[in-house]
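Here is a short briefing on one protein chain. Please keep the sequence and the model in view while reading.

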Amino acid sequence: MSPRLLSLISSVTLLSLIALCVLWEVWLAPLRPGGSWMMLKVLPLMLAVFGILRGKRYTYQWMSMLVLLYLTEGVLRTNDAGLSGTLAYIEVALSIVLFLSTMFYARNTAPSRQPQD
């Protein structure tokens, strides 16, 4: 896959994961009625938004490691009852896509993989 396509996939997936986490913890299925402080879990994702959108390779590298925390949370919460379990499966899917796209982007844009003059 081309770095441009991987960047697009990463950007869309990151923004979708941010939206999912905020909606999940504030409105759709919060841990406590009225919302919870768990929505703050999006802050690390927010730090990466501009780097991912601008194609900064270093941001892709650390995002590929950070997103594994969201994958873990999603896997642990898949057994939750009702809508929360469904949202956890969506979080798992988005985390896997984000992990793969950021990892392959970082790999494909490595200086050692660039054509030599």
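Predicted model: local features only at pLDDT ≥ 70, side-chain atom pairs only at ≥ 80, totals over all residues.

The protein has four helices and zero strands. Read from the N terminus, the order of elements is α-α-α-α.

**Overall dimensions and burial**

- The C-alpha trace spans about 60 × 25 × 20 Å along its principal axes.
- The protein has 117 residues, and 40% of them are buried.
- The accessible surface is about 7,000 Å². Carbon and sulfur atoms hold 70% of that surface.
- Among contacts with a separation of 6 or more, 67% link residues 24 or more positions apart.

**Helix 1 against helix 2**

- Helix 1 covers residues 3–28, and helix 2 covers residues 43–53.
- Their axes lie 10 Å apart, at an angle of about 160°.
- An angle over 145 degrees counts as roughly antiparallel, so helix 1 and helix 2 are roughly antiparallel to each other.
- The crossing of helix 1 and helix 2 is left-handed.
- On the helix 1 side, the contact is made by Ser7, Ser10, Ser11, Leu14, Leu15, Leu17 and Ile18. On the helix 2 side, the partners are Leu45, Met46, Ala48, Val49, Ile52 and Leu53.
- By class, the residues of this contact of helix 1 with helix 2 are 10 nonpolar, three polar and no charged.

**Helix 1 against helix 4**

- Helix 4 runs over residues 83–108.
- Helix 1 and helix 4 pack with axes 8 Å apart, at an angle of about 155°.
- Helix 1 and helix 4 are therefore roughly antiparallel to each other.
- Helix 1 crosses helix 4 in a left-handed sense.
- The contact of helix 1 with helix 4 has 18 nonpolar, nine polar and one charged residues.

**Buried faces of helices 1 and 2**

- Which residues of helix 1 are buried? They are Leu6, Ser7, Ser10, Ser11, Thr13, Leu14, Leu17, Ile18, Leu20, Cys21, Trp24 and Glu25.
- The cover over these buried residues of helix 1 includes helix 2, helix 3 (57–77) and helix 4.
- In helix 2, the buried residues are Leu45, Ala48, Val49, Gly51 and Ile52.
- The buried residues of helix 2 pack against helix 1, helix 3 and helix 4.
- Gly55 follows helix 2. The phi of Gly55 is positive, near 75°.

**Thr13 in helix 1**

- Thr13 belongs to helix 1.
- Is Thr13 buried or exposed? Its relative accessibility is 6%, so Thr13 counts as buried.
- Setting aside neighbours within four places in sequence, Thr13 contacts Leu94, Val97 and Leu98.

**Val92 in helix 4**

- Val92 sits in helix 4.
- Residues under 20% relative accessible area count as buried, so Val92, at 14% relative accessibility, counts as buried.
- Which residues does Val92 contact, leaving aside its neighbours within four places in sequence? The contacts are Leu71, Gly74, Val75 and Thr78.
- Val92 and Leu71 are 21 residues apart along the chain, yet their C-alpha atoms are separated by 5.1 Å.

Definitions and conventions. Residues numbered from 1 in each chain as written. Heavy atoms only, no water. Axes fitted to C-alpha atoms, helices over the stretch in contact; angles between N-to-C directions. Helix = DSSP H or I, 4+ residues; strand = E, 2+ residues; numbered from the N terminus. Parallel < 35°, antiparallel > 145°, perpendicular 65-115°, else oblique. Left-handed = near helix turned anticlockwise from the far one by under 90°. Contact = heavy atoms within 4.5 Å. Nonpolar A, V, L, I, M, F, W, Y, C, P; charged D, E, K, R; others polar. Buried < 20%, exposed > 50% of the residue type's maximum accessible area, 1.4 Å probe, protein only. Areas by Shrake-Rupley, 256 points an atom, 1.4 Å probe, with all protein chains shown as cover.
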